[in-house]
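Please read the numbered points alongside the sequence and coordinates.

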Amino acid sequence: MFGSVDRHKNSFLENTKTAREERAQERIRELSAVKIQCYTRSFLCRRKLQKNARDDLDRLIQLPDQNGEGEGVDYKPKLAPALEFFKTVRRFLFFYNQADDKYRFEYLCRYLLISVQSDVTKNSYISVAMTKNALLWIQQVKDIAWKCCQCLKILRPENHHDSNSIMLHLGILVTFTSTTSWKILKTKATEALSQGMIKLCNNIMGHLNTMGLYPILATLLMKGLARFKPSFNKNTLSAIMTVALRPLIAANFSDNLLSVFLLHILSVPAIVHHISVLSPDTLAILITHRVFKRCLDLMTNEQSTRIIFNSLQGNYALCLMANLIQLGFSELEGLIENTLNFMCVMIRLLDGCQKYVLSKKSNLTHWHPVLGWFSQATDKSLHEAMHFVVKQLQLLWSDKMIRILFTDLIEYVEISELKSAPKASPSRNIIKKVIEKASQKNDAPKIKLESSMSTTTCLACNLYRTTLQTLSQLKMDVIGGLSYNEVLLPNLWRFLCDLGPNCGLKIYLDFLTETPNSTIHPVFSLLTLFCETASHLLTTLDDIEMYETQRFLKVSDYVKMSEFLNIFVFRVLWTGMIDLQTAASSDVYNSCWTLLMILHERDARRQFAPKNHWLIRDVKPSLFMAELDRGRKSVQFLMQKVPHIIPFNDRVILFRKYISKEKDVLGITESVCASPQSTLITVHRSRIVEDGYRQLAQLPSRALKGIIRVKFINEQGLDEAGIDQDGVFKEFLEETISRVFDPSLSLFKVTSEQKLYPSSTSFIQENHLALFEFVGKMLGKAVYEGIIIEIPFASFFLTQMLGHQQSSTYSSLDELPSLDPELAKSLNYIKHYDGDMCDLELTFSCDEDCMGRIETHELVPGGKAISVTNENKIRYVHLMAHFRMYRQIRDQTNAFIRGFKTVINKDWLHIFSAPEFQKLISGDNTDMDIEDLRRHTQYYGGYHNNHRVINWLWDILDKDFKDAEKSLFLKFVTSCSKPPLLGFAHLEPPFSIRCVEVSDDQDMGDTVGSVLKGFFNIKKKDAGGRLPTSSTCFNLLKLPNYSKKSILKEKLRYAIHSHSGFEIS
């Protein structure tokens, strides 16, 4: 009974619960339906209101159909009452959607511009501002203006339709940021409202600026200008700059707004350049408001500069710098008045860029066309616009800019020249002349480093030095602009000369004495810049410009300059003012050294300095060499960098010492090894070159440097009798070299001065490169053994053997006359040609007559298609000279040098210049010292120093023979007409004279009989019919015992003129 009640109860509760849940669900469904209906009605209502608002606006502005091309050209709507338009626009803006309403909004802007230009108050949109709706009107204008800005952000200037839209939106911004186009304010009735309306415009500009006007303008400018060809026209660019400048002018160029202007507008690539080209009126506005001066005043504050630079990427800091340069160039008055500030700002900007410049490529670097490897990424558009930026940067080293920055120095030099100019005076007595001469000799410094002229000059030099370091890819352009400037180098040189005795040497040394290794004083920037520009100039000046027309500087200036540099480079290292580690990386030291070596090389090619000019007088050569032997690092560095400070003979001794040490180390001298190993070769007289090449070409370096003995086979196939253990290597070497250097062999050619150089047609000889390497080894062996070989080489070939052509300061054009004077003359004509180079129809290629076949060589890849113009002619002449002297014979030269350096260590050669190297090979051109030869002569066969015939011989040589005959005598006995470099004490083997009275094959020379007969003057027969003979391989003169001095003179003169040695008697 109770169980059924419980069941009914549970069922009832479950049914009740279910009914309750169903009612709850029903309520939820009802609420959901209501909400959906609400949202739907709301959406439909909004859509209706939105449609109504858009339809109302469309009717009001008479919106044309979207018919594509040409739309809006003839748009001339009938103006509705302004208040009605204002309310309609207000409703429309409430529903505005940028994507859907783009077309409608543009016509709204068109209608708005037409309305503003209406002089009917009722229809003018401006009239709403004069009603109770003024506040709402201001907000509406701000809203419309900002929506225009948002549209500008997404439009593309390169698109024709978008470019029209850009101009339309800019028109709105221009119209509502100034009252100048508001026609209803032109009447007398509304004139009183002008000031209030101006404040209203300022309020609108302030709002736009707060919302981000300048970043949007910067984006728009980058789209239109950061490209190879700008896509803006005059009106568009003028409108953008008008909008950008109005807030600045209204705020009276406040620091905050000016900083924003610098960051976003003046950092756009080449914007000032495009303004000057497309919109000169806008540039005039910039100049009128002295924007350049105001920017300098702001950036002179180091903190402001740091803030601006931290907000900019290094790329755009470079663009800012370029724009400021051109702006200053345009606003010359501001530049002249603020030269110091300008230089300081430029240096700071360059230093800021330099922080991101790296020396080499890595995973973190990007290539910049101006700065080189850069740690910040650059976009493609910036690269496209960089050629415009480069044009702006080039103004920094233009003639006008250089004259402005160095104005104080130029004025100082002009005044100094006027004071020093001789004044015409009819009655000048001796006392006045003496006083004037004494005053001219006064070496007191004329320039004080504390003076304003000195400060501005050093700062300008610092600016250009920083420019050279930062703008790495424009370095040659910068250095070229500075070097070829008519006023810079001469005036900097005058500054150095007026610093004190010897170009202010004491001042520089005093600074380094006080603070060793420190070259931060501005005067060092001046010295460095002068040396760099002078170095560049000297590498491009030809001999006519340097020695005859004396362009820029006089020859006497080069003498004085080299004296100063020689002492400075020596003393700072010798005294330890700059340590070796600092010197290796010091711009000051390296620039001075570079200029010094260029001057020394020019002097070596064509002397302009007096004798012994390059020697250092502060230290005796013996002391210097002693320090070098002790291993003093600074002395070793000096010997490596400036070997010319030590006399040539001392360097030759050092060279022979290097060889002697190496021989000891290799164990190829008898002093080290009792029986050193030697190489024996057999050579047939008719095949000297072929047999020598076959047996010596493959010898290793050690064997070549060791003893080589030669056994000759005569024409009959019999062994020739030899002396010195069958070794007649000197004769073999001389014969080999004389044959391979014969131009008829086609390995070498001769210049017009009969100097030898490798032939470009040597390939007609089989294995010609291997033969060149062999010849190089033989010449190296001759130098190694101290054997003088009278072979004259062309100076350019000697330079290549020394490796000097690899120097950045080497100029092929300078040495071209030593190879081809006619080509040098032609290239010099091209270099100075004043007309249009295109008239000559030259290309970057040259034709060569190769065994009757014309071959065309391109100087650069694709050179046949590249015309020579006025802009690239300097490059052309240098490339042509380089091709003629290096590329054309590169393989032959490299093979020869490779062979030469197999025997001679390349590090030993750097202590010689090209002319000195020729002396090392062929002996000196000095007159023969008869007394020195006599002191170092050995006698055999009965002769002695006081023998009658010997006295006659020396007397004839000293008094009767001319210099030319003395040279012939020396050539007759040694095969070389020049005396040894270090005197006859170093002639190897020593010169000797043997008495002969019988035939050469019977005379043994040193028998007791020969000695006694010679000593007691016992004669078997008269030797008057015999001629003197020689063995040049042993430097031996075979001299008959003549009865009379006259006979001796006659026979000796005949023998030396017959060019014969042992073959005639």
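1. Aromatic pairs. This predicted model holds 44 aromatic pairs. One of them joins Phe92 and Tyr96, with ring centres 6.0 Å apart. The planes of these two rings meet at 75°, and because an angle over 60 degrees counts as edge-to-face, the Phe92–Tyr96 pair is edge-to-face. Phe92 and Tyr96 are both buried.

2. A pair within helix H3. The rings of Tyr103 and Tyr107 have centres 5.0 Å apart and planes at 55°, so this pair is tilted. Helix H3 covers residues 102-116, and Tyr103 and Tyr107 are four residues apart in it, which means that about one helical turn separates them. Both tyrosines, Tyr103 and Tyr107, are buried.

3. Aromatic cluster. Which residues form one aromatic cluster? The members are Phe85, Tyr111, Tyr125, Trp137, Phe176 and Trp182.

4. Helix H2. The helix comprises 13 residues, 82-94. The buried residues in H2 are Ala82, Phe85, Phe86, Thr88, Val89, Phe92 and Leu93. Of these, Phe85 also belongs to the aromatic cluster of point 3, while Phe92 is paired with Tyr96 as described in point 1.

5. Charges over rings. Lys641 lies over the face of Trp593, at 3.7 Å from the ring centre. In a second case, Arg685 places its charged end over the ring of Phe712, at 3.8 Å from the centre of that ring.

Technical notes
Residues numbered from 1 in each chain as written. Predicted model: local features only at pLDDT ≥ 70, side-chain atom pairs only at ≥ 80, totals over all residues. Heavy atoms only, no water. Helix = DSSP H or I, 4+ residues; strand = E, 2+ residues; numbered from the N terminus. Expected span 1.5 Å × (residues − 1). Buried < 20%, exposed > 50% of the residue type's maximum accessible area, 1.4 Å probe, protein only. Phe/Tyr/Trp six-rings, centres within 6.5 Å; stacked < 30°, edge-to-face > 60°. Lys NZ or Arg CZ within 6 Å of the ring centre and 35° of its normal.
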